[in-house]
Amino acid sequence: MRPYVLAEATWKFIRETRFDVAVLPWGATEAHNYHLPYGTDTIECDRLGERAVGAAWERGAKVVLLPTIPFGVQTGQLDIPFCLNLNPSTQAAILHDLVRSLEMHAVRRLVILNGHGGNDFRQMIRELQPKTSIFLCQVNWYAAVNARDFFDEPGDHGGDLETSVMLHLAPELVGPLSDAGPGDVRKPRVRAMREGWAWAPRRWTQVTSDTGVGNPRAATEEKGARYAAALTAALADFFVELAAMDPKSPYE
Ligand SMILES: [Zn+2]
């Protein structure tokens, strides 16, 4: 039993333990080019979450990893088979119920560990925060360290970054790179959207032909290992600091 993984902990242990931080990983179930599994975002959240929370626990922080929610926002992928969508309003309802459950206990800080680009919990947190005494925050694991220090072209989805991470975390689930499409992306016709200062959600089948965004061909296990180690350390530091922070006084 890893005491910091709720799914492995017993009532006997939980009853006697006070946790300062709960971490809720939130993934997705969706196509990832031809070579990565549908569970990619969920597997990454699971395993990176276990490593980061484990490292924080070893340093004495009372952090607990909740089970990963495997469904994300897929409103741009509904025409791709088995991309399983939760609307943001459904996610908000789930988050609300889980926060209510945690309020009953001593946990006073909740981190959503997000692993899917289509998920965004910030507006939900803005709405929920005034209604709860639990300090709420989110972190996208892929933003914890600068990916460009590790990858020439990280890619958004099923590219070098994600393929390298999966080669490190779950190599048995990665298909041959010779099966992978190039992950080419079509550019918006409108300049403001090309430049990124105007935004609209992307309809995936219009943007890419293989569901990938970013070329995975340069991916290696070694790059994935170095990147995963760095971001795990950054997340562990975050959890340790957050556990020590008074949630009523988050500013210096
Ligand atoms: Zn992904």
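Axes here are lines fitted to C-alpha atoms, for helices over the stretch in contact, with angles from 0 to 180 degrees between N-to-C directions. Helices are DSSP runs (H or I, at least four residues), numbered from the N terminus. The model is predicted: local features need pLDDT of at least 70, side-chain atom pairs count only at pLDDT 80 or more, and totals for chains, interfaces and linings use all residues. Residues are numbered from 1 along each chain as its sequence is written, and side-chain values use heavy atoms, without hydrogens and water.

**H2 with H8**
- Helix H8 (residues 221–244) packs on H2 at about 50 degrees, with the axes 8 Å apart.
- Contacts (heavy atoms within 4.5 Å) join Leu48, Arg51, Ala52, Val53, Ala55 and Ala56 in H2 to H8 residues including Leu231, Leu235 and Phe239.
- This H2–H8 contact has 11 nonpolar residues, one polar and one charged.
- Nonpolar means Ala, Val, Leu, Ile, Met, Phe, Trp, Tyr, Cys or Pro; charged means Asp, Glu, Lys or Arg; the others, Gly among them, are polar.

**H2 with H5**
- The axes of H2 (residues 40–58) and H5 (residues 160–169) come within 11 Å and cross at roughly 60 degrees.
- That makes H2 oblique to H5.
- In H2, residues including Thr40, Glu44 and Arg47 meet H5 residues, among them Glu162, Met166 and His168.
- The H2–H5 contact divides into five nonpolar, two polar and five charged residues.

Notes
Helices (H or I, at least four residues) and strands (E, at least two) are DSSP runs, numbered from the N terminus. Angles under 35 degrees count as roughly parallel, over 145 as roughly antiparallel, 65 to 115 as roughly perpendicular and the rest as oblique.
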